[in-house]
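Hi,

Here is the structure I promised to pass on. Have a look at it first, and then read on for what turned up.

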Amino acid sequence: MVRISVLYPNEAGKTFDHDYYVNKHMKLVRDRLGSFGVVRTEVDKGVAGGAPGSAAPYIAVGHVYANALDGFQKGMGQHGKEIMADIANYTSIQPQMQISEIIG
């Protein structure tokens, strides 16, 4: 199983609509990529950094869990343009992405 993590840095002056991200964007991801092995999604809302009183380094992190990387990549090949175009509907932040193999 792989986890695709999409990280949104907490940048001054940038916007992020958590409600839209959870209820519309991640639903779009599940709807379009479910037949390609995506089994679930999760969203983290950043609330604090490691030091007391510090800001969260990321305002949000989205996680997409897929059975296999090749299935996810095939799905993105077919639906990636639509999914990526939706980003402008909830944020002005340029996301960062990491794909990880879940080993434990």
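Let me start with a contact between side chains: R32 and E82 form a salt bridge, with their closest N and O atoms 2.8 Å apart. This pair links distant parts of the chain, since R32 sits in helix α1 while E82 belongs to helix α2 (residues 69-85), 50 residues apart. Both ends are partly exposed: R32 has 27% relative accessibility, and E82 has 35%. Keep in mind that this is a predicted model.

There are three salt bridges in the structure. Another one joins D31 and K27, at 2.8 Å from N to O. Here both partners lie in helix α1 (residues 18-33), four residues apart, or about one turn of the helix. D31 is partly exposed at 45%, and so is K27 at 41%. The remaining bridge is between E42 and R40, at 3.4 Å; E42 comes out at 32% relative accessible area and R40 at 37%, so each of them counts as partly exposed.

Now for the overall picture. Along the sequence the pattern runs β-α-β-β-α-β. The radius of gyration is 14 Å, close to the 13 Å from the globule rule for 104 residues, so the protein is as compact as a globular protein of that length. Of those 104 residues, 40% are buried. Among contacts with a separation of 6 or more, 76% are between residues 24 or more positions apart.

As for charge, the protein carries 10 positive and 10 negative side chains, and the centres of the two sets are 3 Å apart.

Cheers

Methods
Residues are numbered from 1 along each chain as its sequence is written. This is a predicted model: local features need pLDDT of at least 70, side-chain atom pairs count only at pLDDT 80 or more; totals for chains, interfaces and linings use all residues. Side-chain values use heavy atoms; hydrogens and water are left out. Helices (H or I, at least four residues) and strands (E, at least two) are DSSP runs, numbered from the N terminus. The radius of gyration is taken over C-alpha atoms; the globule rule is 2.2 Å times the number of residues to the power 0.38. Buried means under 20% relative accessible area, exposed over 50%, partly exposed in between (1.4 Å probe, protein chains only). Contact means heavy atoms within 4.5 Å. Lys and Arg count as positive and Asp and Glu as negative; His and the chain ends are not counted. The place of a charge is taken as NZ of Lys, CZ of Arg, CG of Asp or CD of Glu. A salt bridge is a side-chain nitrogen of Lys or Arg within 4 Å of a carboxyl oxygen of Asp or Glu.
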